[in-house]
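Student: Hi! Could you walk me through this model?
Tutor: Happy to, have a look at it first.

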Amino acid sequence: MTSLSATAAAAATNAATRLLPSVTTSASAARLSYRSTVSFSSLRSSTRLSQFFLPQTQKNSFRRFSTGRIGYSTVSSPKCAASDPEQLKSAREDIKELLKTKFCHPILVRLGWHDAGTYNKNIEEWPQRGGANGSLRFEIELKHGANAGLVNALKLLQPIKEKYSNVTYADLFQLASATAIEDAGGPKLPMKYGRVDVSGPEQCPEEGRLPDAGPPSPASHLRDVFYRMGLNDKEIVALSGAHTLGRSRPDRSGWGKPETKYTKDGPGAPGGQSWTVQWLKFDNSYFKDIKERRDEDLLVLPTDAAIFEDPSFKEYAEKYAVDQDAFFKDYAEAHAALSNLGAKFDPPEGFSLDDSSPAGQPEMFVAAKYSTGKD
């Protein structure tokens, strides 16, 4: 696998790891920034880094566009109506190796969710309807407040994208998200691939389609956002359970503590506040911890609290707190549904990467020694 530069690795470990619902960020937190050695001005002269934000068009073609603040030209990715299955399988193995060294499960899940979560079921046309179409690679969408820090996820995946040029960004984002869930001990997800990429930044959705963490009426807000995507109460609660992974950093989101006993030693950049004790292990701990609220070092956002306060949400949350198998089943279905939202597939029915490996299950990720703050 192409190695990451020291600068990219440093930025990656500082990535925000919160998942949907996204918290509202301040203007300074939402603004994309790099260290002095990796600036937007450098993108103009860096073939490797500039490719994050570019569409996939015909081989050796050049495209020049302006984001409204900066403009640059570069060679885009080779032709790509959809992804090559064998390259996708190889990319999955590279993502697994990345996860072993960078512990970046949460931010890769968030990347996939935020690319898909802009879908509006009331708009028929593609790509105006939003959804899983790779638009999150463009600067204009990365600058949305809900996407603060996700440029670091792109920096992690860009070497893999360069290595496998016949994989679309839309598929790569969803592949990385699903692989992260499974690698962290979560359920096997019934994913399909073949998503077509949008071609330029003018096709990005407007800001405001992703949920906030602290709206005046959390339950109503969650329904407004997720019903717009065509999802239901059960899927909202099941997807909320992905907060079992990751941390929130107050300097990025305005939520959480600077550090806790569970996050002060990392892995990666230390700090932030997690929703669960073992925040790199995918299980049903989120529901147990939100229900009990016995540990002040664990985060509870207003939208988290809503799943045990709203009668309809509570029915599912209570169930998942005592039945992990039920949670895994419903989560797998909801995650796959989210990953397909708004996507245009080629072939139209998509394709699966499932093979005949024993049981089709990944080796369980042992998170305890990494995410408890203990040896």
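**Phe 308 and the aromatic pairs**

Tutor: Let's start with Phe 308, which lies in helix H14 (residues 302-309); helices are DSSP runs of H or I with at least four residues, strands are E runs of at least two, and both are numbered from the N terminus. The model is predicted, so local features need pLDDT of at least 70 and side-chain atom pairs 80 or more, while totals for chains, interfaces and linings use all residues. Residues are numbered from 1 along each chain as its sequence is written, and side-chain values use heavy atoms, without hydrogens and water.

Student: Is Phe 308 buried or exposed?

Tutor: Phe 308 is buried, at 12% relative accessible area (buried is under 20%, exposed over 50%, partly exposed in between, with a 1.4 Å probe and protein chains only).

Student: And what is Phe 308 in contact with, beyond four places in sequence?

Tutor: Its partners are Phe 287, Ile 290, Lys 291, Lys 314, Ala 317 and Glu 318, where contact means heavy atoms within 4.5 Å.

Student: New topic: how many aromatic pairs are there?

Tutor: The count is 10, for Phe, Tyr and Trp (six-membered ring) with centres within 6.5 Å; planes under 30 degrees apart are stacked, over 60 edge-to-face, the rest tilted. Phe 282 and Tyr 331 have ring centres 4.9 Å apart and planes at 55 degrees, so this pair is tilted.

Student: Where do Phe 282 and Tyr 331 lie?

Tutor: Phe 282 is in the loop between strand S4 (273-274) and helix H13 (285-292), and Tyr 331 is in helix H16 (residues 324-340), so the pair ties together parts 49 residues apart in sequence. Both Phe 282 and Tyr 331 are buried.
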